[in-house]
Amino acid sequence: MLLRLIRKRREMFTGYLFVLPWIIGFLLFMAYPIYFSLNMSFNRVLITSEGINTTFVAWDNFKYAFLSDPQYVEELVVFIQQVVFIIPIVVIFSMLVALLINQPIRFKGLFRGIFFLPVVITSGEVVKELFSQGATSIPIVERYGIVQFLEANFSSTWSEPIITVIQQLIIILWYSGVQILIFLAGLQKVNSQIYEAASIDGASPWEIFWKITLPSIKPFILVNIVYTTVDLFTNALNGVIGLIKEHMFKLNTGFGYATALAWIYFAIIFVILLLVVLIFSRNEDYNPRKAGR
Amino acid sequence: MNSFHGNKINPTRIHRSQLKYYLFLIALSAFMLLPIVFMFSQALKPINELFLYPPRFFVENPTLKNFLDLFNVTSVTVIPMTRFLFNSVVVTGCVVFLSITISAMAGFALSKLQFKSKKLIFEANVIALMFVPAAIAIPRYFIVDTLGLTDNLLGHIIPILAMPVGLFLIKQFVDQIPNELIQSASIDGATNFMIFRKIIIPVIMPAMATVAILAFQMAWNNTETSEIYMNNETLRTFAFYMTTLTGNLENRVAGQGIAAAAALIMFVPNLIIFIFMQSRVIDTMAHSGLK
C-alpha cells in the first residue's frame, strides 16, 4: 500500500517535471498575455514613453465597438458571411479530393504531397507576397470569359456565389490541405471488408458512399469543420484581425480598445465552435472506430 | 494502430478505367502548384515583362537580373546580409530543436503519466490555439522586457517556444501508443525518462517532423520579434531584413523585380524543408487524425 503510494507520488512528480518547461513558457508567453489583454479590454490604455497609463472604463470599450465604431461590426458581419459560405465548400471539396486520392491509383504519395503543400505556402510572409503579386487569382478565368458566360446564363443570385468561388478557388484549395489529410486518415480506417461485403450484396458505388463511407467519416467531418473554422478565423490576413492590429497603435482608441475587439472576436469563434460541436455530436449512433476493426 | 501504408493496394499499372481520376487529380494539382510556378517565373522576369498588361503568367525571356539587383542593393548596406542570415539560422535552429523537445516531453506527460490538472493544462492549450495572436503582442513585450530579453538573440527564441499546435499534435499522437507497451517497459524496470527516450521518441518521430516543419515556418518567417523587441539592427532576422528591403523599394519601378527575387529567396528554404520532411509529416497527420 505504502509502496504504491510512493510510486504514485513519483509518477506525479516526473509528470510535472516533464510538463514544467512547457508550462513555464505557456504561462509567461501565452496565458499571462491573454489574461493581461482581458484586463486591458476594460481599460482605456495610453502607451507613453514613461510607461502605460490605464483608466478603468468598465464595458465602455465593448459598447463603443457595437454602438459607435463605424467599421468593426460591418467588417465582422462580412467576414462571418464569407466564413459560413467557405467552410462547407472547403469541407466538401476536401472530402471529394480525399475520396479521389483514396482510389487505388498510382502516384498516391505524390498527389498527397502536392495537396499538403499549402501548409508551407499559407504561413507567414510568403502568402502576403503572393497576394501582392496577384498570384492568388486565376488568369485563365478572366481571359476566357468564364465570368461573362456565367453572368449571361444564370440569374445573379446563383452566378454571384459561383463566380466568387471560382475566383477564390486557389485560396479554397490552399485551405484544404490539412483537411484532405484528415479525411484520408478517416477513410483509411474504414475496414475494406465492409466495402467488399456491400458490393457482394449488390450495392452500387453511390449507395456505398451514402450508407458506408459517409457515416464512417462523420466524426472527421466535425474535426474538419472545427479545424477550418479555427484556421480561417485566426488567419492573419482576414479583415477583422487587420482592424484589431490597426487599432492597437491608434492614439484615440488604443490598445485597450483593440483587446476588447479581440475578445469579442474570440467569443464569437468560441460560440460558433460550440454550436458546431453541439449539432454534430448529436445522434452519434455509428462509431467507425468500433465497427471498423 | 492501423499503419497508413499497411495495405499496399497501389496497382502497378494504370488501368484505363482510372484515367478519369487522374484527369481530376492532375487538374487540381496544377491549380495547387500554380502559385509556386508563378513565384519562380515572377522572379525571373525582366522589367518590361513585369509591367506588361494584361500580365503574363509565365516568363518569356528569363533573366537573373533581379537577383543581381538584389545583391547590389544588399552589398551597399552598412550591415552585411550574412549577419542577418546568421541570426536567422541560429534562431531557427534553436527554436526548432527546443520547441520539439519541450512539446514532446509535455505531450508524453499529458498523455501517459497520471497527475493532477493535466486535463486543465490541455484545455488551456486548446483555448490558446483559438486566440487572436495579434492581441497578445503588447503584453508579451512587457514580459520580454522585464526578463531582459530585448536586444538579445534569446528574445527571438524564448517567446515562441511554447507552441500550442505542437503540443496538440504530439499529444494526439502519443495517445495512440498502446498503454501496454509502456507498462511492459516499466515492469522491466525502465524509468519514465528511459521510456520517453527509448520508446516514445522513436515512435513519435513523424509527429516531431510535423512540429519541426511548423516550428521552422514560424521561426524562419518571423518578423514580429525583430520589429518589437530588437532596437539593435545587428540582432534582427533575415525575414525582417527582407521585408524592410522590399518595403522601401516597392514604390520604385526597379523595386518590383527585387521584391519578387527576395520573396523567392525567402520561400525556397520553406520548400526545401517541406520536400525533405513531407512524407513523414503526412504520415503523422494520417495517424493522429486530429481527434
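Q: What do the axes of helix α9 (residues 179–187) of chain B and helix α10 (residues 192–203) of chain B do?
A: The axes come within 11 Å and cross at roughly 140°. Here an axis is a line fitted to C-alpha atoms, for helices over the stretch in contact, and angles run from 0 to 180 degrees between N-to-C directions. This is a predicted model, where local features need pLDDT of at least 70, side-chain atom pairs count only at pLDDT 80 or more, and totals for chains, interfaces and linings use all residues; side-chain values use heavy atoms, with hydrogens and water left out. Residues are numbered from 1 along each chain as its sequence is written, while chains are lettered from A and ligands numbered from 1 in the order in which they are written.

Q: Why are α9(B) and α10(B) called oblique to each other?
A: Under 35 degrees would be roughly parallel, over 145 roughly antiparallel and 65 to 115 roughly perpendicular, with the rest oblique. The pair crosses at roughly 140°, and α9(B) and α10(B) are therefore oblique.

Q: Which residues in α9(B) and α10(B) meet?
A: Leu181(B), Ile182(B), Ala185(B) and Ser186(B) from α9(B) meet Ile195(B), Ile199(B) and Ile200(B) from α10(B), contact being heavy atoms within 4.5 Å. By class, that contact has 6 nonpolar, 1 polar and no charged residues.

Q: Why does Thr228(A) count as buried?
A: Buried means under 20% relative accessible area, exposed over 50%, partly exposed in between (1.4 Å probe, protein chains only). Thr228(A) has 1% relative accessibility, so it counts as buried. Thr228(A) sits in helix α14 (residues 218–233) of chain A and touches Ile87(A), Val90(A), Val91(A) and Gln179(A), leaving aside residues up to four places away in sequence.

Q: What makes Ile241(A) count as buried?
A: The value for Ile241(A) is 2% relative accessibility, so buried is the call here too. Ile241(A) belongs to helix α15 (residues 239–248) of chain A. Its C-alpha atom is separated by 43 Å from that of Ile208(A), 33 residues apart along the chain.

Q: How many helices and strands does chain A come to?
A: Chain A comes to 17 helices and 2 strands, taken as DSSP runs numbered from the N terminus (helices H or I, at least four residues; strands E, at least two). Buried residues make up 46% of its 293 residues.

Notes: Ala, Val, Leu, Ile, Met, Phe, Trp, Tyr, Cys and Pro count as nonpolar, Asp, Glu, Lys and Arg as charged, and the others, Gly among them, as polar.
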